[in-house]
Amino acid sequence: MKVTRAALPLLPLCQRVLPSRLTGLSVALLKATALELAILAGHLLLYPSGIAPERRAATTPDPTVPPEAVTAHLPVEPKPPVVLLHGFIDNRSVFVLLRRSLVQHGRQQIESLNYSPLTCDIRTAAELLGRHIEETCRRTGQPRVDIVGHSLGGLIARYYVQRLGGDLRVRTLVTLGTPHSGTRVVPLADAHPIVRQMRPGSDVIQELRLPAPDCRTRFVSFWSDLDHLMDPPETACVDHPDLSAQNVQVTGVGHLALPVHPAVATGIREALDQSDDVLSAGARPDRVRRGGLTVA
């Protein structure tokens with residue numbers, strides 16, 4: 001999967017000044033950085049719109065519509081609700097474009113969950129996520145959900161699935177730039193307790209390394225070679241012998257672009273749709289699988 005490459009004004013200069021073996025990487029880095037800055041500027045404008053919790057409409061049937069008419073328009077096997085979980089110091093506004101993409105391709109039940117920016121413990125946030133998932137299942141009548149988590153949101157969702165019995169409720173967990181093995185970026189940020197929990201060797205990361213032989217959830221992790229918040233970049237891969245996981249390398253975008261880029265959105269949709277086939281066939285890979293996605 002490849003998105004058409006945009007022209008870069010600095011490309012000729014880079015090719016003249018830099019050694020040939022570094023030109024490709026430097027150009028990709030420049031493009032990814034420019035894209036990150038553009039996305040950051042747009043996200044800052046949208047951020048206030050995502051501060052308030054999402055209003056969720058009741059799913060009770062309309063008494064004016066005949067039951068047979070409703071049944072005729074429903075899919076035979078409705079897709080599970082999708083829960084979107086944002087990253088550190090962020091809110092649901094980061095998923096505006098991804099949500100639109102999912103709706104346009106048949107996902108009718110999508111919910112964006114805000115957790116408090118004052119959250120200081122991944123375990124507590126995972127417990128709150130669990131309560132939200134239970135409420136979502138009751139309200140929608142669906143036994144399981146899919147989750148898409150960006151950055152810290154993916155780690156919170158994984159803790160819920162792997163350590164709090166959430167695999168009973170979560171069919172597929174898609175993570176975007178999530179520090180599954182811990183990240184060493186920005187050492188000065190250790191003053192925040194939740195940042196310390198995202199460090200390699202933290203108690204939370206060690207718990208996620210514990211055996212999970214009966215975990216039912218399928219994991220799909222998107223990670224980028226140009227993600228500056230993942231140090232090293234491969235820390236965003238799921239590497240656990242007991243988990244059914246697929247790691248998809250995204251080439252050419254940074255951390256903020258993962259929940260925004262249309263090519264990544266296509267990969268997310270394919271991962272969620274693939275879950276239907278994988279789970280119905282009872283497939284479970286013997287090892288973590290890897291894939292690739294070029295977007296720049």
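## A salt-bridge network

K79, R107, D146, R171 and D273 are tied into a network of salt bridges, a salt bridge being a side-chain nitrogen of Lys or Arg within 4 Å of a carboxyl oxygen of Asp or Glu. This is a predicted model, where local features need pLDDT of at least 70 and side-chain atom pairs count only at pLDDT 80 or more, while totals for chains, interfaces and linings use all residues. Residues are numbered from 1 along each chain as its sequence is written, and side-chain values use heavy atoms, with hydrogens and water left out.

D273 belongs to helix 9 (residues 262-280) and K79 to the loop between helix 3 (67-73) and strand 1 (82-85), so the contact ties together parts that are 194 residues apart in sequence. Helices (H or I, at least four residues) and strands (E, at least two) are DSSP runs, numbered from the N terminus.

D273 is partly exposed at 34% relative accessibility, and K79 is partly exposed at 33%. For these labels, buried means under 20% relative accessible area, exposed over 50%, and partly exposed in between (1.4 Å probe, protein chains only).

## Other salt bridges

The count of salt bridges comes to 13. One of them joins R184 and D231 at 3.8 Å, N to O. R184 is in the loop between strand 4 and helix 7 (193-197), and D231 is in the loop between strand 5 and strand 6 (244-251), 47 residues apart.

Another brings R199 and D190 together at 2.6 Å, N to O. Here R199 is buried, with 11% relative accessible area, whereas D190 is partly exposed at 29%.

## Strand 4 and its neighbours

Strand 4 (residues 170-176) has 7 of its 7 residues buried, so it is largely enclosed by the rest of the structure. Strand 3 (residues 145-150) runs parallel to strand 4, with 6 bridges between them; strands pair if DSSP finds at least two bridges between them. On the other pairing, 5 bridges join strand 4 to strand 5 (residues 218-224), again parallel.

L176 shows up in both pairings: L176 stands opposite H150, and its bridge partner in strand 5 is F222.

## Cysteines

How many disulfides are there? The count is 0, using a cut-off of 2.5 Å between a pair of cysteine sulfur atoms. C137 is buried at 6% relative accessible area, and C237 is buried too, at 3%.
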